[in-house]
Amino acid sequence: MKQEPHITSLLGPILRELSPLWEHEGLKIQETRIFDTARAEAPDLLVHPRGHAPIVVEAKFEQNKSALEDQAQDRQSKLIHGEQVEKVIMITYPPNWAEESDENIYHLLKSSEACLKWAMWSHTGRMPSRGWAETNLGELADILEIAGMSATKLHNAVADLSSAVRIAGRGISNTNSADKISEILRQHHDPDASRAQSSRMAAMLILNAFVFQNVLSEQIPEVPRVESMRTQTVELSDGSMEMRFLVSVVRAAWENILQINWWPIFEIAKQLILELPPTRAPIILNQAAAGAEQLINVNLGTVQDIAGQMFGRLVTDRDLIKAHYTRVEAAALLAELGVSLMHNPGWDNSEHVTNLRIADFACGTGMLLSATYRRIISRTRRTGINDRDLHSEMMENVFIGMDVLPSATHLTAMSLSSFHPDIIYRKSNIHLVPLGCNKSNNGKTITSLGSLELLDDEAGAQSLFGRRSDLHIAATDNRVAQDDYLVKIDAGTCDLIIMNPPYGRATKHSRLGAEHSGVTRDVIPPFAAFGASPQDQKEMSDRLKQLSSKISKRAAHGNAGLGSYFFDLAHAKLRPGGVLAIILPLTAATGKDWEGLRNLLESHYDNITFVGLAGATDEERQFSADTGLAELLLIAKRRTSSRSKHEPSPQVRWVTLYQRPKTEVESIIDARLIAALYPANGETAHLRFGQDIKGRIVAAGINDGGLLAIRSDTVLNTAMNITRGSVYLQRFEPIPIPISRLEELGQRGPIHRDVAVHRDRQSSQTDRAPFFIDPPPPLGTDPFPLLWTHDVASGRESRLEVQPDSSGTIRPEKSKEARTIFWDHAVCFHINQDFDFGSQRLAACITPEKTLGGTAWPGYKLYNIDYERFLVLWMNTTLGLICFWITGSRQQKRRSRITVTRQAEIPVYDPRSLTAKQLEEASDLYEQIKMLDFKPANQAHEDANRKHLDRVVLCDLLGLHTKGGVTENYFLEALGIVRAAWCDDPHIKRR
């Protein structure tokens, strides 16, 4: 009978073969003298490659799980070379292995069969919190590699970098060189606003160069350590002596490094230090080097992830261009999902791997490209390939990155280079691309939109790095840099495109303003970045329209934002079988303006997966940092040909994660759970890790995005069924009901910009409106009443009948337009456009007289006005509120926004199925209920009047309990459970 140590002795050598990190001392098998104390104890395995935190692995037979748990927790109290053991991975062997032959065990461990079970203890607790997860040895190797990053070191590194950047940045900001440095970094358009920002950014780039130099010095004898460049002796005020840097010495060292390699990393840093004032430069360099020295013990790749997050905080213009930066965990999740979907005949084929083309056309600091590189490495290593042997070709041929900020592209190059910093490569495909309007030598204005210029296959995108970045990157010669050149990426050539593109809308519907020549002008995000004038913004907007017009079927829509244009770019560059992995606003799943994207997915893609987060706050529902909007991940594989009309529509997996992964390990686990689970169409399946439920997958259609990011299964089932024509409250069989969309019952009203404008807010985007907005006269005396804004505090919106709040005054020379729009669109039935469930009460309301709707309450003109009262009753029941909630975009906490163009998609109980008597009863019910005060919608479970509305509409009027064959009380009890579950959903729950 075999004992546990014997099986571990078989497992250990196989595991060592799965990563070059674990050669020699990187992985120790059953050795003593490991712990600083208890020297006689021998952990089963110690995974501790250089630069990684120690991970202890303990293994026992499954029947000894209890003892294994105790042992693992005891190991966390141990020190190894003064460093606390932060993570202990527990493995259980199947009981029958005690009798199994070595040959069979060896075969099982080498196979892809999930023959082991595992769990992990860390400083944050147990994962999974209950139970054990199945795995094979290759997958366990991935976890061991990823878990090697110390959470403590990571936290300290973030703090160290932040402190060092702030200190050195202040030193730069207080010099006369700050403006020139802003210009180098393309942040000089607004000196007052960008001086501190660009100074911190410069400090970070210098600090990063020092960090990279320290790593190189360990590999290449010609590269000195940073500390060795302190050559100036300075006497301080207290009489002590300090060694400081001279710019000339640092410059010489960096020029020597440039003669070897790494031009993108050190060239910009060299430019920056040359601008520092001679008297202040030694102090600033000393501050940056001090920060670099604190980080040298942390894995460099992770340092770059930290730098990427820090960089995002430094760029104020991102609030205009909406270029936010991806969290480390989100990058790992998206990269694993994208790489797992790629067609690959075998990751053991080096030639195949180095022939891949992987692009990010909005690369920022390279977070997504670096995460993708890690996921590819994890696969090649398991086949026995050493990724060092692939690195130069990966840098030269595989990765393509573009951005409009020079500092971002340099950080991307540094992040990718840091995987094997001592490996020389001849060129790179990381490009700085211009955004804005510039004069050419002949005086002609050239308008550039960064990588979006690639939408024009013939023109290509201009690279501001010029050929210098290719020639000098391997020091092939010392020729002077040639002119900038065009980057061309042929259509249908990329295997994976992974992006977190800018979100800014390409229209003028922004509340932002920019001052030019003392006058506040309209801003067209994202074209206002880099201080673009109103004329330049218009030029860029026109250029975008020109580029987009070349595409016959497109996702692009100005109101959707730039993300939709980047989708078109990715769609054009993906080869058949290529994979798209992109982060977008949550509204991409449901928004009317994103319909083109969903149509392209439906016709040209398979394996479509949307991933959303059921978080309680806006921040918890984001994959990026600081967007302020809920987001989703979209992963899909392009078909070899478009889907014919005779083929069935694609099945879409709508994945809801109950919380955003907190670590990279969690991200990989979540991604693998998602990748392995394909429920049948119309079915729901849960993501189970051990006994933990991490989330849910619903298989549905491309237009079922409202099912995304719902936490409760009870609410999901109700929402999913009601849109398909049944009330499903789980305690009894579904009750069929007639469901229609509002588009079948009427037509939308005008957009508020076409109706009225405040007298003091005239601008180019609203001067077409025929009315001014003025205070209302006494009720019943206004010829042109308006229902314009929300006013929760007044209490007037707490009842089904809402009074007009404004009056329309005809603008000069607009009388015909004013009377026409009122005649055509004044109605009594109005729909909430931006429903805040935490304060507002109503999904729809009725005005006592015909009224023009505005920004908050656009009108909806029904073909039969007899339906108005029934629909306002239905839409404010619990079921009606849920229908509204899943139809609207839920990008912000407690809000569901339904634009005028999206109103038509709201599902309602079809009033055409009602008898004349029922319509009359509905009218009577409205008269009885219209003056009842409702609580905010997310308090419906505590609202006696909402419960009363449910009873009289759903039971008394529609008789749903009778149709379901249950008593009224039983029906209402089941409905109460749904109501309470909906009010408890993290998106709308009170806090």
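Q: At what angle do helix H23 (residues 713-722) and H30 pack, and how far apart are their axes?
A: H23 and H30 pack at about 110°, with axes 8 Å apart. Axes are lines fitted to C-alpha atoms, for helices over the stretch in contact, and angles run from 0 to 180 degrees between N-to-C directions. This is a predicted model: local features need pLDDT of at least 70, side-chain atom pairs count only at pLDDT 80 or more, and totals for chains, interfaces and linings use all residues. Residues are numbered from 1 along each chain as its sequence is written, and side-chain values use heavy atoms, with hydrogens and water left out.

Q: Why are H23 and H30 called roughly perpendicular?
A: The packing angle is about 110°. Angles of 65 to 115 degrees count as roughly perpendicular, under 35 as roughly parallel, over 145 as roughly antiparallel, and the rest as oblique. H23 and H30 are therefore roughly perpendicular to each other.

Q: What is the hand of the crossing of H23 and H30?
A: The crossing is left-handed. That label applies if the near helix is turned anticlockwise from the far one by less than a right angle; clockwise is right-handed.

Q: Which residues of H23 and H30 meet?
A: Thr714, Val715 and Thr718 in H23 meet Ile977, Val978, Ala981 and Trp982 in H30. Contact means heavy atoms within 4.5 Å.

Q: What makes Ile977 buried, partly exposed or exposed?
A: Its relative accessible area is 39%. Buried means under 20%, exposed over 50%, and partly exposed in between (1.4 Å probe, protein chains only). So Ile977 is partly exposed. Ile977 lies in helix H30 (residues 968-983). Leaving aside neighbours within four places in sequence, Ile977 is in contact with Thr714 and Arg731.

Q: Why does Arg375 count as buried?
A: Arg375 has 3% relative accessibility, so it counts as buried. Arg375 is placed in helix H15 (residues 367-382). Not counting residues up to four places away in sequence, Arg375 touches Asp142, Ile146, Ala335, Glu336, Val339, Ile668 and Arg672.

Q: Why is helix H25 (residues 868-875) described as largely enclosed?
A: Seven of its eight residues are buried, so H25 is largely enclosed by the rest of the structure. Those buried residues are Glu868, Phe870, Leu871, Val872, Leu873, Trp874 and Met875.

Q: Which residues have the most contacts inside the largest nonpolar core?
A: Trp874 and Phe971 do, in a core of 141 residues. A nonpolar core is a set of buried Ala, Val, Leu, Ile, Met, Phe, Trp, Tyr and Cys residues joined through side-chain atoms within 4.5 Å. The largest share of this core, eight residues, comes from H30. A second, separate core has 98 residues, among them Ala253 and Ile430.

Q: Which residues does Trp874 touch?
A: Residues up to four places away in sequence are not counted; the contacts include Ile722, Ile737, Pro907, Tyr909 and Leu958.

Q: Why is H9 oblique to H17?
A: The axes of helix H9 (residues 263-274) and helix H17 (residues 406-417) come within 8 Å and cross at roughly 140°. That makes H9 oblique to H17. The crossing of H9 and H17 is left-handed.

Q: What is the order of the ten strands in the open sheet?
A: The order is S15-S14-S13-S20-S23-S26-S24-S27-S29-S28, with mixed pairing. Two strands pair if DSSP finds at least two bridges between them. Strands (E, at least two residues) and helices (H or I, at least four) are DSSP runs, numbered from the N terminus.

Q: What makes strand S15 (429-432) and strand S28 (684-689) edge strands?
A: Each pairs on one side only.

Q: How many bridges pair strand S27 (residues 652-657) with strand S29 (residues 692-700)?
A: There are six, and the sense is antiparallel. Arg653 has Ala699 in S29 as its bridge partner.

Q: How many bridges join strand S36 (residues 785-787) to strand S37 (residues 806-810)?
A: Two bridges join S36 to S37, and these strands run antiparallel. Two meets the pairing rule of at least two bridges. Ser807 in S37 is the bridge partner of Pro785.

Q: Why is Asp933 called partly exposed?
A: Its relative accessible area is 38%, so Asp933 is partly exposed. Asp933 lies in the loop between helix H27 (916-929) and helix H28 (944-957).
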